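Trainee: Please take me through one part of this model closely. I would like to look at the place where the two chains meet.

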Amino acid sequence: MAKILLVDDDNALRELYAVELSSKHYTVIEAPDGEQGLAKVKAEKPDLVLLDIMMPKLDGVATLTRLKQDPETKSIPVVMLTNFGQENLVQQAFSSGATDYLLKYKVTPAEMAEKVGQVLTTPSP
Amino acid sequence: MDLPIQVAYFILLIILALIPAAYLLHREKKLNEAQKKMELVHDDFTAKLVHELRAPLTVIRGATDMFLQDSTLVAKDQGKELLATMRHSSEDMLSMVNDLLDVYKIEAGRFQIIKTKGSLADVIHDRAVFFNQLAASKGITISVQIDDHNLPGNFDRERISQVFNNLLSNAIKFTKEGGRIIISARPINTNQDVSLRFTPPGQFVVNNLPAFLVGVSDTGEGIDPGKMSDLFSKYKQLHQIDGQKGSGLGLVIAKGIVESHGGQIFLESRPSEGTTVYFTLPLVS
């Protein structure tokens, strides 16, 4: 089953999403910040990355940019998963290569997992 | 009067009338700019506050959805973990709301303390024991340096304990494994008695003597000198450190509590050497 990397500095939210994704039989790897997220992407080669924006050390947009600049990781779909819904951030994420942008306070864990499934089954352009 | 003189006089009158008008317009422009800046700061604070409260609410709502979808989840180990996480998130939120209420009361001048006779040494030992487990889990030692085992005073025990809670949890957050935290307290009668970590005796002026001088020192990363003035401002806080959520208003509230007792709170810090937060507790009301 597909491997999902969950990058979020909020321990409680990571646990919540990990439980939901595991119940859908995904293998879940976690990272608490952008720096460790980048290291885990290289080490684990996940099928999809769920990426928070506001994190210490390296924020989500900077992490996304580095993922998309690296030939080894640029084809991995990245779904932003954040509580920041400002239009400029959304546009910046998409222009930096994000596949989708989810607001944590608007989607249930089940809807998040459903979106993950949709992205994984949609052929990449 | 000749016509040219009349014209000159008239022009002079107009200039004299325009000067105060120009000054008033300039002042209004400056006030509007300052007001707009304050509104931006307020908006930024509100935006941060909303974000900080959303996170635990998202956890509670999301976990509730999962239990509603799967009624067997509550009996499973994962379900029990989720329940504990929900409890923890609701405590985080309650703590944030309580902090905000305290800050509101402090700013509105409605913050009340109830002083009773008690032992400051007792409070210090009690808080040191309370935080010892958390510190030890990070490989940090907490030690107490006081000469008098009583340190009798007149203060609000619950609120002074809250000051120690805020200072100690900050010290633990910013100190790496193997570091040390020292709580010290002693009576001071004159400014010559005031000997700080990085400031020689007599150079710091304490109002309201005699008092206890309390210090919470750490061997942490220290504070950027450019950020020291922001530490007691609520508008610069509301941050997160390594996954630990919180209002970040600890120092703001500690200041309010200490000042309600007639004391002062201040700090010394050097990057890579650590920080000491001091506060005074006057012995005479």
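Mentor: Start with the contact between the chains. In this predicted model, 21 residues of chain B are in contact with 17 residues of chain A. Contact means that the C-beta atoms of two residues, placed from the backbone, lie within 7 Å. On the chain B side, α1 (3-69) and α2 (77-107) each give two or more residues. The top contributor is α1(B), with 10 residues. Helices here are DSSP runs of H or I, at least four residues, and strands are runs of E, at least two, numbered from the N terminus. By type, this side of chain B has 6 nonpolar, 10 polar and 5 charged residues. Ala, Val, Leu, Ile, Met, Phe, Trp, Tyr, Cys and Pro count as nonpolar, Asp, Glu, Lys and Arg as charged, and the others, Gly among them, as polar.

Now the layout of chain B. Domain 1 covers 11-107 and domain 2 covers 116-282, with bounds from an automatic or database domain assignment. Their centres, taken over C-alpha atoms, are 27 Å apart.

One more feature of chain B is worth a look. B:V163 touches B:A254, B:I257, B:V258 and B:F279, leaving out residues up to four places away in sequence.

A note on reading this. Residues are numbered from 1 along each chain as its sequence is written, while chains are lettered from A and ligands numbered from 1 in the order in which they are written. The model is predicted, so local features need pLDDT of at least 70, side-chain atom pairs count only at pLDDT 80 or more, and totals for chains, interfaces and linings use all residues.
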